[in-house]
Amino acid sequence: MSRPKPNILVTGTPGVGKTTFCEALAAASSLEHLEVSKMVREKRLYREWDDELDCSIFDEEMVQDALEPLLESGGCVVDFHSSSFLDESLVDLVVVLRVDTSTLYDRLEKRHYPESKVKQNVEAEIFQSCLDEAREVFEEADIQIWEMPHDTEEHMEEALERVLGFVRSFG
């Protein structure tokens, strides 16, 4: 499938800075920011709720059905912690943001996450769950997966420049 502009998936553990990065990328390019967690909330793309973690358990099919028409023509930056539900034919680049666990812990505490949710997300970062998931889904499809640190403003600038270079050279 050829698209005039790429679709980029930005993934990582909650708290690594996906939304901040995607907003900056969208502002610096002509890509549209699709914040999937917001779509899940607003369009109720879930069938279950986890009371302990106080969050929805998104429905992969419902999310796919909402995203696919938006991604078909390209030009989107998809912001979500999960990548397993995305059809690899709709993605041109995967960016996995990583952050030091102490930084992550502080960011999640500032969001007033329950201790159990903070611990779960810090463990997910330690075990590189999002990176492994992205590799499982996209490596065989020969889609580039870029693992990028996102602890500092400098890291964000470096990652933005690299991804903007990809966007400019796409096609």
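Where is the place of R44? Select R44 and look: its place is in the loop between helix 2 and strand 3 (46–50). Helices (H or I, at least four residues) and strands (E, at least two) are DSSP runs, numbered from the N terminus.

Before moving on, some ground rules. This is a predicted model, where local features need pLDDT of at least 70, side-chain atom pairs count only at pLDDT 80 or more, and totals for chains, interfaces and linings use all residues. Residues are numbered from 1 along each chain as its sequence is written, and side-chain values use heavy atoms, with hydrogens and water left out.

Stay on R44. Its phi is near 50°, a positive value in a residue other than glycine. Most residues other than glycine have a negative phi. At 56% relative accessibility, R44 counts as exposed (buried is under 20% relative accessible area, exposed over 50%, partly exposed in between; 1.4 Å probe, protein chains only).

Next, select Q128, in the loop between helix 5 (115–126) and helix 6 (129–138). Q128 is not a glycine, yet has a positive phi of about 45°. Q128 is partly exposed, at 26% relative accessible area.

Five strands form an open sheet, order 2-5-1-6-7, with parallel pairing. Two strands pair if DSSP finds at least two bridges between them. Color strand 2 (32–35) and strand 7 (144–149): these are the edge strands, each pairing on one side only.

Zoom in on strand 1 (residues 8–11) and strand 5 (residues 76–79). They run parallel, joined by three bridges. Pick L9: its bridge partner in strand 5 is V78.
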